[in-house]
Amino acid sequence: MSRLPMLEAQLVAAAARQRPRARARARGPRRIAIGLVAVAAAAAALLLFVPRREQVPATPPVKGVPAATLVLSHALTTAPKPPRAPYGRVRHEALPAVAAGIEARTPYPPGMRDHFDWAARPADPSAMSSINFRADVQALVEYRAYCLWLKYWLRGADMAGAASVIADIPSWPTRRQTDAYELRVQGAIQTAVRSGDAAPVRREVELNCRGV
């Protein structure tokens, strides 16, 4: 037997020995893929038995003027007027707290608050822009709330609710008027709000509510 056929036979035998190993190696990735599919299927099956978390519905936003705000406004129509100077003097350092107490009893439109800087008022009682008496604090709070209600009415979010509060405002403690001119202005605003005429209300806001 020549060396060539013997070498050929050896190569064939070696190839035969290597083929099973190659097949074994080739089956490895397939086994892994099959295993991953089985794990995924098991996880999906388990999810079927996991109780779903109930979704809590979001709290709906308040639409329009709340009933509590209307009650607060109407309560002011029968509240007494604050005593005038020299009674009810307020120290400068107590201004923010006194104002906060009055604001808590004053109705404001939904989503709107007064951000007046009470602490920035001059501490010297003799200064022209200083605020020294509780009646003056309440008058400013109620006037600025009046301006906010006019602005809210102009937005048209809840014109009926705003009109209900605006109708009360001339009877709020510091908004009660005896001056003929002021009574005429108040009457014109009330008429405009009742009739839905925005022009006089807008003019009032532009002239007298710019800083609010």
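Q190 counts as buried, because its relative accessibility is 12%, where buried means under 20% relative accessible area, exposed over 50% and partly exposed in between, computed with a 1.4 Å probe on protein chains only. The place of Q190 is in helix α6; helices here are DSSP runs of H or I with at least four residues, strands are runs of E with at least two, and both are numbered from the N terminus. Leaving out residues up to four places away in sequence, Q190 touches I166, A167 and P170, a contact being heavy atoms within 4.5 Å.

A word on the model itself. It is predicted, with local features requiring pLDDT of at least 70 and side-chain atom pairs pLDDT 80 or more, while totals for chains, interfaces and linings use all residues. Residues are numbered from 1 along each chain as its sequence is written, and side-chain values use heavy atoms, without hydrogens and water.

On a 1 Å grid over the protein atoms alone, a cavity is a set of points where a 1.4 Å probe fits but cannot get out; a pocket is an open set with protein on both sides within 12 Å along at least five of seven lines; and lining residues have an atom within 4 Å of a point. The search of the whole structure finds one cavity of 30 Å³ or more, and the volume of the largest cavity is about 60 Å³. Such a volume is the space filled by probe spheres set on the points, which are joined across faces, edges and corners. Helix α6, residues 180-195, gives the largest share of this lining, three residues. By class, the cavity lining has five nonpolar residues, two polar and one charged; Ala, Val, Leu, Ile, Met, Phe, Trp, Tyr, Cys and Pro count as nonpolar, Asp, Glu, Lys and Arg as charged, and the others, Gly among them, as polar.

The largest has a volume of about 300 Å³, and of its 14 lining residues, Y181, V185, I189, E204 and N208 are the closest to its centre. Helix α6 again supplies the largest share, here six residues, and α4 (134-155), α6 and α7 (198-208) each contribute at least two. This lining comprises eight nonpolar, two polar and four charged residues.

The second largest pocket holds about 180 Å³ of space. Among the residues that line it are L72, L76, R105, T106, E142 and P173. Helices α2 (67-76) and α4 each supply at least two of its lining residues.

What surrounds W172? Beyond neighbours within four places in sequence, W172 is in contact with S73, L76, T77, T106, P107, E142, A145, W149 and V165. W172 also belongs to the largest nonpolar core, where W118, V137, W149, L150, I166, I169 and W172 touch the most other members of the 35. A nonpolar core is a set of buried Ala, Val, Leu, Ile, Met, Phe, Trp, Tyr and Cys residues joined through side-chain atoms within 4.5 Å. The largest share of this core, ten residues, comes from α4.

Finally, the whole chain. The protein has seven helices and zero strands. Of its 212 residues, 29% count as buried.
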